Structures are given as structure tokens and as C-alpha cells.
Amino acid sequence: MTRRSLLLPLLLGLLAAPFTLTAHAQEMFRIGYSADSARQAPLTVTFTATFPASHTVRWTFGDGAAAQGPQVTHTYYRPGTFTLVATLVNAQGREVSRAQTPIEVRSGGPERVELTVLHAPDSVRLGTAGSVLYRPETPRVFLDGREVGTGLTPLTSGPHAALAQATGSAGQRLERRLTLNAAPFQTSAAFDSEVLRLTNRARAQGWNCAALRAGGPALPPLKLHPALDLAAQGQSAGMALYGYFDHTSVLDGSSPMRRVQTAGLSPSSVAENIAAGQTSPDEVVNGWLRSPGHCRNIMGDFTLIGLSYVSRPGTTYKHYWTQVFARP
């Protein structure tokens, strides 16, 4: 049996752009923001400010919206360049300082609805992460003609019709249709637990990805996260059910980040290791540790992990493994 492994480097970073403005010699007013480094609409930006006690900050976002407070979040639905204005106001309501900066929002391309499928035993989770809508709307999702929410939905074996639907900014209907082919597969909590133990043992030993041996700086253990477990299981089950071996799903085109977002987490960075054909946790973790790229993910600057082993007899590799790493 041929064994296969693939790795994925970091997918998403944070763009941080703080700057400082001094209004008076005794008063420091500092604002900053963070957002997806791709800057594509719809773009959600978190703005923060530090300022003297008894003051407050009023924000205008440049698209007609406004807010107040030390930290606010705003979504720019359309591409363009917007002028953010932050106004420092004292306890008497008088403006004492003002700062402004342009916020560039790039086009995310034509408006579209995405549909991501995460298979779990006898159930499925459907989501629309990655959709591009230049208006504040949440797409609706249907399974076999019935609208479903964001949780797990029971699923019997056989074909099923999934549909995501929304209205675009010009009033046009946007749809994405998929046919799911559900079938039984086996999981193993014991295998997942052992992969976690071996992974954290390598981090504690300071595994050196260049020398391929222990002895480097020790790293803290990764903590299991249920959303990452669900994303990992969706990937392992997807490979087993739809006959592919890749980080990009042949069913829905989803990336690791989209799967994590569909599972309910929006981290700042994500990486994924996959493998197929290995029959034990020891074999798969040893293989990853001796592959420099996979090793760098295991020894990376992450704090969270999700794991999934899936077995499906009669498929090409029979055994499918996924690790998903994330940093909040």
C-alpha cells in the first residue's frame, strides 16, 4: 500500500496597522486595526484605541456607519478606499484630538455563494464561509429541500441535494448546488488521542525539523478544539467518501480555512497535515515528523489542534488522517 502525505503552510495572517497621534504633551491617543491580510470585501475590521482615562473615542468608518468605544468591529461590504476617522472626546464632550487613515478594501471578485460540506458519522454540517456578497446578508442553506441551520444535521446513506442561496447587491439570485454521497465510515477516538500524545511529545522534546531529531527548544502542548476536530473530520471523511487526496476538496472546493470557519472558528492562521494509507498513529506521526514541511506545522507557532482518523474499507487508501492547527 502506498502511503501519502501532504502539508499546507499558513493560510491567513493578520494585517495590523497601529499608529500614534499625540494631541497634547500629556495626552497619548493611539489607534490601530486588524483584518484579514487579503483585504477583500466583505472585510471585517477590528479597530482599537488607547487613550487617557475619562475620555472616549467616536469612530466614523467612511461608508456612512459610526460607532463609539475603545474597541469596535465593522464590516465593509463593498470594495473601495474609505477614510476612517477616530475622534478623541473628553469628559465634557469636547473634541481634543482626531486621527484618520485610509482603509483599502479590495474586490473579492464577482458576488457568489460558497457551500462547504463537513461530513461526520451519520450527519453533516453545511456552511457558506467564503461567500462574497456586497451587502449584509447571510445565505440560506437547504438539504433535500429543507432549510437547515449551522449545526450538525442527521444524514442517511445515499445521495442528497444541498443548496446555498442568497440575493446579490443588484437583486440577482445567487446559488450553489451540490450532490452529497453519504456512506458509512469508521472513526477512532483512541487513534486521535494517540496522535495528539505523539504530537505534543515531539513539541515537548523540541523536535528539530532540519536535523530530524529531538533536542531543540521545547514548545507548549497543543490543545484540542472541538471546531478543529470537526474540520479535520470533514477533511478525512471527504477524502474517504469522494476519492481525492488534496487540501482542496473536490466536492465543494473548500480550503482548510473555509472548513475551519464552517466548523465555527475564525482564527488568525491555520495549517493542515494530511496523510493516507498509514495504519497506526505511530506510523503517521513519524512520517510527518520526518517530512520537513509537515514537521514545521507540528512545531509551528500554533496553540490549538484538531484531529481525525477515518477508515473506509474498499477505498484507495482505506486509512485517512488529518491534523488541523490554528492560532486564535
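**View 1. Lining of the largest pocket: 21 nonpolar, 20 polar and eight charged residues.** Here nonpolar means Ala, Val, Leu, Ile, Met, Phe, Trp, Tyr, Cys and Pro, charged means Asp, Glu, Lys and Arg, and polar covers the others, Gly among them. Please keep in mind that this is a predicted model, in which local features need pLDDT of at least 70 and side-chain atom pairs count only at pLDDT 80 or more, while totals for chains, interfaces and linings use all residues. Residues are numbered from 1 along each chain as its sequence is written, and side-chain values use heavy atoms, with hydrogens and water left out. The volume of the largest pocket comes to about 1,500 Å³. Of the 49 lining residues, Pro42, Ala129, Gly130, Ser131 and Gln261 lie nearest the centre of the pocket. At least two lining residues come from each of β4 (27-36), β5 (43-50), β8 (71-76), β12 (123-127), β13 (140-143) and α3. With five residues, α3 supplies the largest share of this lining.

*Terms for this view.* Pockets and cavities are found on a 1 Å grid over the protein atoms alone: a pocket is an open set of points with protein on both sides within 12 Å along at least five of seven lines, a cavity is a set where a 1.4 Å probe fits but cannot get out, and lining residues have an atom within 4 Å of a point. Points are joined across faces, edges and corners, and a volume is the space filled by probe spheres set on them. Helices (H or I, at least four residues) and strands (E, at least two) are DSSP runs, numbered from the N terminus.

View 2. Helix α2 gives the most, with four residues. Sorted by class, the lining of this cavity has four nonpolar, six polar and two charged residues.

**View 3. His119 and the residues around it.** You will find His119 in strand β11 (residues 116-120). His119 counts as buried because its relative accessibility is 3% (buried is under 20%, exposed over 50% and partly exposed in between, with a 1.4 Å probe and protein chains only). Its side chain makes a polar contact of 2.8 Å with the side chain of Tyr242. A polar contact is a pair of N or O atoms within 3.5 Å; within protein, one must be able to donate a hydrogen and the other to accept it, and residues adjacent in sequence count only if both atoms are side-chain atoms. Beyond its neighbours within four places in sequence, His119 is in contact (heavy atoms within 4.5 Å) with Val124, Leu155, Ala182, Phe185, Gln233, Gly234, Ala237, Leu241 and Tyr242.

**View 4. The salt bridge between Arg258 and Glu114.** Side chains of opposite charge can pair when their charged atoms come close. The structure holds 13 salt bridges, each a side-chain nitrogen of Lys or Arg within 4 Å of a carboxyl oxygen of Asp or Glu. In this one, the side chains of Arg258 and Glu114 meet at 3.4 Å, N to O. Distant parts of the chain are linked here: Arg258 belongs to helix α3 (residues 256-263) and Glu114 to the loop between β10 (95-105) and β11, 144 residues apart. Arg258 is buried at 10% relative accessibility, and Glu114 is buried too, at 13%. Both take part in a network of salt bridges that links Arg112, Glu114, Arg176 and Arg258.

**View 5. Two further salt-bridge pairs, Glu272 with Arg259 and Glu137 with Arg135.** Glu272 and Arg259 meet through their side chains at 3.1 Å, N to O. This pair also links distant parts of the chain, with Glu272 in strand β20 (residues 269-276) and Arg259 in helix α3, 13 residues apart. Glu272 is buried, with a relative accessible area of 1%, and Arg259 is buried at 2%. Glu137 and Arg135 meet at 3.6 Å, N to O. Glu137 counts as partly exposed because its relative accessible area is 25%, and Arg135 is partly exposed at 31%.

**View 6. The second largest cavity and its lining.** About 40 Å³ of space lies in this cavity. Its lining consists of Asp192, Val195, Trp288, Leu307, Ser308, Tyr309, Trp321, Thr322 and Gln323. Helix α1 (189-205) and strands β21 (304-311) and β22 (319-327) each give two or more of these residues. By class, five are nonpolar, three polar and one charged.
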